[in-house]
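Look over the fold first, then the backbone. The briefing below is grouped by topic.

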Amino acid sequence: MKQIHKLTTLSLFIIFSLGTIAQNNLPPVCEIKSDTGSYQNLDRYHWQILEDRSEKLTIENVSKPPFANRFHTYDSAKGIDYSINTYWLRYILKNRMAHDAKISISGYISYVDIYTTDSSQKWNHQRTGILVPWSKRDGFKSILYIPFTIKPGEELIIYQRENYNYIYSRPT
């Protein structure tokens, strides 16, 4: 099994059961090829980051030019700029198995907003995070994970907005 390696702030917990947006500069697709349930991280080759200094960018902004063209590969040599509290990540997962892939995306930071599109290309929004009130959390509220099911052969493009209150959470 080819491991999905480290992603600074995004963790994927992949639990498998038994049972799009046109852009030219999207990151390479991360393929799910095995149904081994484990905690895994995406390597930085498979995701891109966009700094949101204003903290006002929306999914409509970042999914289209000019902001969509500003996503870039994370440079670990430069590290995290703690003067920026909000970052956008984007990545694509593809299920290469013959059955559904069930994954959950970690939201164990201050605020996490996750956007995916449905067949009508409308944005689906889910939110979780340490500082999100229980009543406003989506997904697995107590463990701060958002679950998804990816059908065989399906690609899921994910945009993830991460907002850090550095007193409570810091990217690693």
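A residue is called buried when its relative accessible area is under 20%, exposed when over 50%, and partly exposed in between, using a 1.4 Å probe and protein chains only. The model is predicted, so local features need pLDDT of at least 70, side-chain atom pairs count only at pLDDT 80 or more, and totals for chains, interfaces and linings use all residues. Residues are numbered from 1 along each chain as its sequence is written, and side-chain values use heavy atoms, with hydrogens and water left out.

**Fold**
- Along the sequence the pattern is β-β-β-β-α-β-β-β-β-β-β.

**Surface**
- Of the 172 residues in the protein chain, 47% are buried.
- Carbon and sulfur atoms hold 50% of the accessible surface, which comes to about 9,000 Å² by the Shrake-Rupley method with a 1.4 Å probe.

**Backbone**
- Most residues other than glycine have a negative phi, and most peptide bonds are trans.
- Leu-144 is not a glycine, yet has a positive phi of about 60°; Leu-144 sits in the loop between strand E8 (123-128) and strand E9 (145-150) and is buried, at 4% relative accessible area.
- Glu-55 also has a positive phi, near 60°, in the loop between strand E4 (47-51) and H1, and is partly exposed at 33%.
- The peptide bond from Pro-65 to Pro-66 is cis, with omega near 5°, and Pro-66 lies in the loop between helix H1 (59-62) and strand E5 (86-95).

Methods
Helices (H or I, at least four residues) and strands (E, at least two) are DSSP runs, numbered from the N terminus.
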